[in-house]
Amino acid sequence: GLDLGQLDEKIATDPDHYEAIIAGNEAAQKVAGHWGVPLMVYEGEPFFGQDRLSHLEWRMKQNGLQTRA
């Protein structure tokens, strides 16, 4: 649902805002102990790479995650 033209316009209008978002995300990754994407952190445990999505889901189900109907 994103419009690339609108996003490009917003970035051109306020590049510092988006650079700050990127810097914040990079800092959060370092705190979590990782450096790439995709990266998910759940309860302090990092899950790196698309091949780890099933591990993340498994861990979340251990903590009560339920599948939506």
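**Close-up views of a predicted model**

View 1. Strand 1 and strand 2 run antiparallel and are joined by four bridges, and together they make a hairpin in which two residues lie between the strands. Strand 1 covers residues 39-42, and strand 2 covers residues 45-48.

View 2. Which class of accessibility does Glu43 fall into, buried or exposed? Glu43 counts as exposed, because its relative accessibility is 68% and the exposed class begins over 50%.

**View 3. The salt bridge between Arg59 and Glu45.** Arg59 forms a salt bridge with Glu45, and the closest N and O atoms of the pair are 2.7 Å apart. Because Arg59 belongs to helix 3 and Glu45 to strand 2, this pair ties together parts of the chain that are 14 residues apart in sequence. Arg59 is partly exposed, with a relative accessible area of 23%, and Glu45 is likewise partly exposed, with a relative accessible area of 27%. Side chains of opposite charge can pair when their charged atoms come close.

View 4. Arg52 is placed in the loop between strand 2 and helix 3, the latter spanning residues 53-62. The side chain of Arg52 meets that of Asp51 in a salt bridge, with a distance of 3.4 Å from N to O. How exposed are the two partners of this pair?

View 5. Glu57 forms a salt bridge with Lys61, in which the closest N and O atoms are 3.3 Å apart. Both residues lie in helix 3, where they are four residues apart, about one turn of the helix. Glu57 counts as partly exposed at 40% relative accessibility, and Lys61 is partly exposed with a relative accessible area of 41%. With this pair included, the count for the model comes to three salt bridges.

**View 6. The nonpolar surface patch that includes Ile11.** Leu4, Leu7 and Ile11 form a nonpolar patch on the surface, and together they have about 250 Å² of accessible area. Ile11 is located in helix 1, which comprises residues 4-13, and Ile11 is partly exposed because its relative accessible area is 33%, a value between the limits of 20% and 50% for that class. How far from Ile11 does Arg52 lie in space? The C-alpha atoms of Arg52 and Ile11 are 32 Å apart, and the two residues are 41 residues apart in sequence.

**View 7. The whole chain as a setting for the close-ups.** The protein chain has three helices and two strands, and read along the sequence these elements follow the pattern α-α-β-β-α. The C-alpha atoms fill a box of roughly 45 × 35 × 20 Å along the principal axes. The radius of gyration of the protein chain is 16 Å, whereas a compact globule of 69 residues would have a value near 11 Å. Of the 69 residues, 10% count as buried, and the accessible surface of the chain comes to about 5900 Å², of which 54% belongs to carbon and sulfur atoms. Among contacts between residues at least 6 apart in sequence, 0% join residues that are at least 24 apart.

Technical notes: Residues numbered from 1 in each chain as written. Predicted model: local features only at pLDDT ≥ 70, side-chain atom pairs only at ≥ 80, totals over all residues. Heavy atoms only, no water. Patch = residues over 30% accessible without salt bridge, like charges linked within 9 Å, V, L, I, M, F, W, Y side chains within 5 Å. Areas by Shrake-Rupley, 256 points an atom, 1.4 Å probe, with all protein chains shown as cover. Salt bridge = Lys/Arg side-chain N within 4 Å of Asp/Glu carboxyl O. Buried < 20%, exposed > 50% of the residue type's maximum accessible area, 1.4 Å probe, protein only. Rg over C-alpha atoms; globule rule 2.2 N^0.38 Å. Contact = heavy atoms within 4.5 Å. Pairing = 2+ DSSP bridges.
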